[in-house]
Amino acid sequence: MKRAFLALALMLATPAAAVLPDEMLPDAAQEARARAISKDLRCVVCQNQSIDDSDAPLARDLRLLVREQIAKGKSDADVRDYVVQRYGNFVLLKPPVEGDTLLLWAGPFAILLLGAAGLIAWQRRAPVATPDSAPLSEAERAELDRLAGPHN
Amino acid sequence: MKRLLFILPIIAFAGLAAFLGFGLTQDPKELPSQLIDRPLPEFALPGIEDGGGPGFASASFKGEPRLLNIWASWCAACPQEHPVLTQIAREGFPVYGIAWKDKPQDSREWLARYGNPYAAVAADQQGRTAIDLGVTGVPETFIVDKKGRVRFKQIGPISPEVWEGQIKPLMQQLRAEA
């Protein structure tokens with residue numbers, strides 16, 4: 001019972017966000033939008049965290065900035081653009097599909113296709129002809145019988 | 001032909017290893033600036049004297065090329081960069097300083113201790129101007145040309161080598177520009 005409870009508690013645990021109560025917007029819907037945007041924005045100080053996760057002071061500044069823009073009535077895309085204009089596509093944890101990110105997005109599929117093409121080519125190769133596919137001679141059959149032992 | 005097929009995976013592996021190996025030599029902290037060849041974002045900041053006092057504004061960055069240095073009294077690498085900035089100022093290139101997320105009193109004490117190489121110092125206590133500039137840490141230095149456009153960004157302290165080899169030639173080139 002205790003164990004089951006512990007397991008349940010572990011499953012319910014979620015990573016703590018860095019958002020402090022004093023940063024939050026009074027409007028719950030706006031706050032939810034801010035959270036969603038913050039989760040997609042990279043903290044430029046501790047680079048593999050989103051600003052929603054990061055305790056870095058600059059991440060806090062950016063969270064406040066995101067909320068300020070939302071409070072001003074900007075759309076989600078506008079807010080993202082605002083940050084991208086300043087820090088570049090790098091701040092987006094999910095980079096957009098563009099000319100210079102094409103390799104990033106299409107690369108794995110290209111390699112997969114290349115591998116599949118190679119496999120198909122290999123499979124389609126003419127089967128290797130066996131040098132001697134003539135039926136067994138009488139002597140070979142007798143030898144085989146001898147090796148296999150007496151039949152039942 | 002068959003032998004080539006056997007060697008191919010090895011070649012592919014070597015290529016991938018070289019590509020990834022090159023990636024390891026890159027510093028992920030050095031983000032390319034979005035501001036290169038674009039005008040300096042607008043700002044007007046107070047100074048670090050008591051009660052604000054005159055700082056400077058982005059509009060004043062016209063007429064001659066300047067260095068705009070972002071620093072802070074709490075910044076660990078700034079004392080290391082300081083002698084270089086002093087040298088730059090002594091060579092006659094104007095250096096402007098923005099104290100980032102720093103209490104004006106701390107900024108003043110820091111400058112009193114190390115000496116003040118700046119033509120003017122402004123305080124960005126909120127860090128809002130720094131975000132407009134795309135600053136990710138201190139120190140960072142922007143080179144602004146005669147027309148007020150950003151031409152170069154140095155992330156981290158300016159070493160004597162970077163100054164002599166990269167930034168000084170650029171400043172001289174910018175001075176020669178119409």
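Reply: Helix α6 of chain A covers residues 138-148, and zero of its 11 residues are buried, so this helix lies largely in the open. Here a residue is buried if 20 or more other C-beta atoms lie within 10 Å of its own, exposed if 12 or fewer do, and partly exposed in between, with the C-beta atoms placed from the backbone. Helices (H or I, at least four residues) and strands (E, at least two) are DSSP runs, numbered from the N terminus. After α6(A) comes A:Gly149, which has a positive phi near 85 degrees.

The model is predicted: local features need pLDDT of at least 70 and side-chain atom pairs count only at pLDDT 80 or more, while totals for chains, interfaces and linings use all residues. Residues are numbered from 1 along each chain as its sequence is written, and chains are lettered from A and ligands numbered from 1 in the order in which they are written. The scores of the model are ipTM 0.78 and pTM 0.76.

Chain A as a whole has six helices and zero strands, in the order α-α-α-α-α-α from the N terminus. Its radius of gyration is 32 Å, whereas a compact globule of 152 residues would be near 15 Å; the radius is taken over C-alpha atoms, and the globule rule is 2.2 Å times the number of residues to the power 0.38. The C-alpha trace of chain A spans about 95 × 55 × 25 Å along its principal axes. Of the 152 residues in chain A, 16% are buried.

Chain A meets chain B through 13 of its residues, which are in contact with 11 residues of chain B (contact: C-beta atoms, placed from the backbone, within 7 Å). On the side of chain A that touches chain B, α3 (57-71) and α4 (76-87) each supply at least two residues. The helix that gives the most to this side is α3(A), with five residues. By class, this side has eight nonpolar, three polar and two charged residues; Ala, Val, Leu, Ile, Met, Phe, Trp, Tyr, Cys and Pro count as nonpolar, Asp, Glu, Lys and Arg as charged, and the others, Gly among them, as polar.

Chain B has a mean pLDDT of 91, with 99% of its residues at 70 or more; pLDDT is the predictor's confidence in each residue, from 0 to 100. Its strand β6 (residues 140-144) is mostly covered, with five of its five residues buried. B:Glu140, B:Phe142 and B:Val144 point one way from β6(B), and B:Thr141 and B:Ile143 point the other way.

Strand β6(B) runs antiparallel to β3 (residues 66-71) of chain B, joined by five bridges, and B:Ile70 stands opposite B:Glu140. Five bridges also join β6(B) to the antiparallel strand β7 (residues 150-155) of chain B. Across that pairing B:Thr141 faces B:Gln154, and B:Ile143 stands opposite B:Phe152. The hairpin of β6(B) and β7(B) has five residues between the strands, and in it B:Gly148 takes a positive phi near 85 degrees.

These strands belong to an open sheet of five strands in chain B, ordered β5-β4-β3-β6-β7, with mixed pairing (strands pair if DSSP finds at least two bridges between them). At the edges stand β5 (120-124) and β7 of chain B, each with a single partner strand, so one side of each is left without a neighbour in the sheet.

Methods
Contact = placed C-beta atoms within 7 Å.
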